[in-house]
Amino acid sequence: MLNSTGLEKRREPPAQPAHEVAPRILNLPEMVAELPEEDQERFHRIFYISEVSGALAPPEAMHDWIRGYFGSVEAVSTQQIIKVTNLVSWEGALYNELRARRPLEVRGTADLDRVIAETRNDPFCRPLEGTPADTFGRVQGKHSITASNVAKYDGSHGIVIFDEHHPLVLTRERVRDYIDTAWEWGRQAHAADPAASYFFFMWNCVWKAAASLVHGHTQMTLTRDMHYPKVEFLRRQAAAYCAQYDADYFQDLLAVDRALQLGFRWRSVDVAVSLTPVKERETLLITSSLNDDLKDAIFTVLDTFIKRLGVSSFNVAIQMPPIGPAAEDWSGFPVLARIVDRGDPMNRTGDIGAMELYAASVIGTDPFFVAEALDAAFQEQWMESRL
């Protein structure tokens, strides 16, 4: 059922006493305890939460510096840390009170815009001369064109090059075109090599997100034999979850997100902010096919990230069942888009270190703040569509 804003109503929990906790990551254990029994059961078979306090004793010489950055010495003397682990995907996140309680801040882009302007006239600005074609040719979109990647990740590895140089200048029409062009490339690559059935779409925006060229572009691959390990692992884990609980993992995950006010349904797409993000502000978009609703939802998330949350570098990935026949059972596996903020590209500090690579993600953004911003953006988009 849709409410007056066009978003599916979240299931309202029973009336809570006056002490009901606010939706914030540091209050997650209390929030889960207040959920209806059915939602608590779903939560605990997918997630595990633990809490710990970190203590330190700073010398007096540090007190002024601490007060300047954190407000008081007491704020750092004892720190609350929440650890959330997804028991199905085995992704995990560590939230520190000092970072997670901070509101979102919009960052300026003047320096980034200058750097981007200085990179004009790169090979992507003249793709027919500066990039190779695939052996089956190029796919021409309304706002983009494909090229073959010179240094390939896989046997079939292409690029969608935008006709707009600035990677953060996005419109709904352009995002649709970029994804449509990538998908048509996948179809043609599969026709040229029917043994390659597993399509993967990736969008790395500027160098902080691992883009080798600033000019706006996405990439896509088509691989043989089986899907990439992380996609295949998720498929197997979802199948094992179904066998164990006689339930759909993705639907249960979304139900938990909605119950916690971290997700909602928009048109045919489920929008959810991850409790165990790979990095900051990770948002999941789940639907049944690579349809226009999904493309529009990807645009809305990116537009919200850029204009409301100050994001200037991001990754987008689309994980989906194979194009052609496969030996594995992909029934129940949706089309899943994952979008994540990669931090300020003008900051030399990397956002991923040994913890993220080999242990768990350290997160400095409260997912509930992100969910609030996305909820408002999707509501506004629905209202604009009614005008």
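Reply: A salt bridge is a side-chain nitrogen of Lys or Arg within 4 Å of a carboxyl oxygen of Asp or Glu. This is a predicted model, in which local features need pLDDT of at least 70 and side-chain atom pairs count only at pLDDT 80 or more, while totals for chains, interfaces and linings use all residues. Residues are numbered from 1 along each chain as its sequence is written, and side-chain values use heavy atoms, without hydrogens or water.

The structure holds 30 salt bridges. One of them joins Asp-64 to Arg-67, with 3.0 Å between the closest N and O atoms. Both Asp-64 and Arg-67 belong to helix α3 (residues 63–70), where they are three residues apart, about one turn of the helix. Helices (H or I, at least four residues) and strands (E, at least two) are DSSP runs, numbered from the N terminus. Asp-64 counts as exposed, at 62% relative accessibility, and Arg-67 as partly exposed, at 42%. In these terms, buried means under 20% relative accessible area, exposed over 50%, and partly exposed in between (1.4 Å probe, protein chains only).

A further pair is found in helix α2 (residues 37–46), which contains both Arg-42 and Glu-38, four residues apart, about one turn of the helix. The closest N and O atoms of the Arg-42 and Glu-38 salt bridge are 2.8 Å apart. Arg-42 is buried, with a relative accessible area of 14%, whereas Glu-38 is partly exposed, with 45%.

Arg-267 forms a salt bridge with Asp-293, and the closest N and O atoms are 3.6 Å apart. Arg-267 lies in the loop between β8 (263–266) and β9 (269–273), and Asp-293 lies in helix α11 (residues 292–307), so this pair ties together parts that are 26 residues apart in sequence. Arg-267 is partly exposed, with a relative accessible area of 42%. Arg-267 and Asp-293 also belong to a network of salt bridges, whose other members are Arg-176, Asp-180, Asp-292, Lys-295 and Asp-296.

Two strands pair if DSSP finds at least two bridges between them. Within this pairing, Trp-266 stands opposite Val-269 in β9. Both strands belong to an open sheet of nine strands with antiparallel pairing, in the order β4-β5-β7-β6-β11-β12-β10-β9-β8. At its edges stand β4 (144–148) and β8, each with a single partner strand, so one side of each is left without a neighbour in the sheet.

Antiparallel pairing is also present among β1, β2 and β3. Strand β1 (residues 47–55) runs antiparallel to strand β2 (residues 78–86), and nine bridges join the two. Here Glu-51 stands opposite Ile-82 in β2. Strand β2 is in turn joined to strand β3 (residues 92–96) by five bridges, and these strands run antiparallel too. In this second pairing, Ile-81 stands opposite Asn-96 in β3. Together β2 and β3 form a hairpin with five residues between them, and Trp-90 in the turn has a positive phi of about 55°.
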